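I opened this model to look up its sheets, its helix pairs and a few single residues. The entries are kept in the order in which I made them.

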Amino acid sequence: MNNNHHWTDEAEARSEIKELVGEYYRQFKKPMIEKVFQPGDRISYASRMYDEKEMQSLTDAMLDFWLTTGRFADQFEKQFAKWIGVKYAHLVNSGSSANLIAFSVLTAPELGERQIKRGDEVITVACGFPTTVAPMLQYGAVPVFVDVTIPQYNIDVSKLEKALSPKTKAVMIAHTLGNPFDIKIVREFCIKHNLWLVEDNCDALGSEYTINGEKRYTGAWGDIGTSSFYPPHHMTMGEGGCVYTNHPLLHRLILSYRDWGRDCFCPSGQDNTCGHRFDGDYGELPHGYDHKYVYSHLGYNLKVTDLQAAIGIEQLKKFPSFIERRRYNWDRLHKALEPVDDKIILPEPVANSRPSWFGFLITVKENAGVSRNQVTHYIEEKNIQTRLLFSGNLIKHPCFNPIRGTDAYRVSGGLDNTNRIMNNTFWVGVYPGMTDEKIDYMAEIITDAVRM
């Protein structure tokens, strides 16, 4: 290879380097991605979907060597906010961090009577991913667990009023594997009782929900929405997440808690955007204390890097096609498994929704003659990856040992379906890289498993 390059400028150098990266993808990565499926090949529940565009964009950011949040992050945030239909979107380093920030901002004193304080209650579910609930406990709030429905696997909205107490300040729940919860009922409940609504949208990006003829993406109906860009999710940055809102004050608070808790809103690397860097009065600090180092909250550093955002920019362009393929794969698998609906409960979308499916949930019936574990063991032996519905029942996990039976949380009503899911439910993938052959093979193996 000729290493004696004589580039006329940086733009020419970048162009050639990125073209070489494209050639690398086409020679070494593309053949692996496009490998023809043979029965017995490993079928993962999820996988990254990318081509040379993501690798070239990542190279572009690498050549900048800015490393922290910068121009690529700014571009993604603007494009993502426009796409999902909100005013403000802020990148963070993971979906779990997005949930942490979303909850943290609700504890800010700027919110007055609506501030969540220690001992205040938040309605949620125990059947889901733990980082939807963890911030509540970490801030001393009290999660109030409500049961879910089968086969939608979302909060049972008929139990909301009973879960309410004078201490209730918010509802924070996830849309399960792409299937929206009943946003209309939950939203009306929150408006009626002046509660915050946080939509954990990490597993449902691209799902749509309609209320009175108005269609929005999930995540855009509540006060705050969160997303994850971890590799198995609907689109990826590797690690990465996003917090978004239409609320101007929440927007400012999100930035503060994400960026060390600082009062200053200057972008990274910039100074004195407000023009009053050295003439303010804050707390008990001396007059004129440098505003860049004034902290109005006890925050974090949860920013994303430009390297990740550069990948996200290209992923977002492909995203509509990802959604459509997920829906196609889910529909194909559903139809193929209908002949064994005497053995399993097939999933159903919630009314008024058009899900962007993350996975395909299956509950093995009690009278099926076979257990969930027997079914998943059989499927895994055939090299098909399975997953449980995350924690199943979070209260049953070791992380609850120190607080089990205390007033750190409470359960409203029973958790019968939550426990049923913990014992009898699993899911398989429907990610966009799955071909008809993979879907059909999965259906064949699942059918064999439940008929054992």
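What follows are my notes on the sheets, then the helix pairs, then single residues.

**Ground rules.** I am working with a predicted model, in which local features need pLDDT of at least 70 and side-chain atom pairs count only at pLDDT 80 or more, while totals for chains, interfaces and linings use all residues. Residues are numbered from 1 along each chain as its sequence is written, and side-chain values use heavy atoms, with hydrogens and water left out. Helices (H or I, at least four residues) and strands (E, at least two) are DSSP runs, numbered from the N terminus.

**Entry 1: the eight-stranded sheet.** I traced an open sheet of eight strands in the order E1-E9-E8-E5-E4-E2-E3-E13, with mixed pairing. Two strands count as paired if DSSP finds at least two bridges between them. Which strands stand at the edges? They are strand E1 (88-92) and strand E13 (410-411); each has a single partner strand, so one side of each is left without a neighbour in the sheet.

I then followed E1 to its partner. E1 pairs with strand E9 (residues 241-245) in the antiparallel sense, over five bridges. Histidine 90 has valine 243 in E9 as its bridge partner.

**Entry 2: the three-stranded sheet.** Here I found an open sheet in the order E7-E6-E11, with antiparallel pairing. E7 and E11 stand at the edges with a single partner strand each, so one side of each has no neighbour in the sheet. Helix H7 (residues 183-192) packs on this sheet by touching E6 and E7, and its direction makes about 60 degrees with that of E6.

Strand E6 (residues 208-211) and strand E7 (residues 214-217) run antiparallel and are joined by four bridges. Tyrosine 209 stands opposite arginine 216 in E7. E6 and E7 form a hairpin with two residues between them, and asparagine 212 in the turn has a positive phi of about 50 degrees.

I also checked serine 353, which is in strand E11 (residues 353-354). Leaving out residues up to four places away in sequence, serine 353 touches Asn179, Pro180, Glu208 and Tyr209. The side chain of serine 353 reaches the backbone oxygen of valine 350 at 2.6 Å.

**Entry 3: H4 and H8.** The axes of helix H4 (residues 95-105) and helix H8 (residues 248-258) come within 9 Å and cross at roughly 120 degrees. H4 and H8 are therefore oblique to each other; angles under 35 degrees count as roughly parallel, over 145 as roughly antiparallel, 65 to 115 as roughly perpendicular and the rest as oblique. I listed Ile101, Ser104 and Val105 in H4 as meeting Leu250, Leu253, Ile254, Tyr257 and Arg258 in H8. By class, this contact has six nonpolar residues, one polar and one charged. Ala, Val, Leu, Ile, Met, Phe, Trp, Tyr, Cys and Pro count as nonpolar, Asp, Glu, Lys and Arg as charged, and the others, Gly among them, as polar.

**Entry 4: two partners of H9.** How do H2 and H9 lie relative to each other? H2 packs against helix H9 (residues 306-337) at an angle of about 150 degrees, with the axes 8 Å apart, and the two are therefore roughly antiparallel. The contact of H2 with H9 has six nonpolar, two polar and five charged residues.

H9 also packs with helix H12 (residues 436-450), at about 35 degrees and with the axes 9 Å apart. The contact of H9 with H12 has eight nonpolar, two polar and four charged residues.

Entry 5: I noted a cis peptide bond from isoleucine 150 to proline 151, with omega near 15 degrees. Proline 151 lies in the loop between strand E3 (142-146) and helix H6 (160-163). Leucine 67 is in the loop between helix H2 (52-64) and helix H3 (71-84). Its phi is near 75 degrees, a positive value in a residue other than glycine.

How values were computed. Polar contact = N/O pair within 3.5 Å; in protein donor to acceptor, adjacent residues only side chain to side chain. Contact = heavy atoms within 4.5 Å. Axes fitted to C-alpha atoms, helices over the stretch in contact; angles between N-to-C directions.
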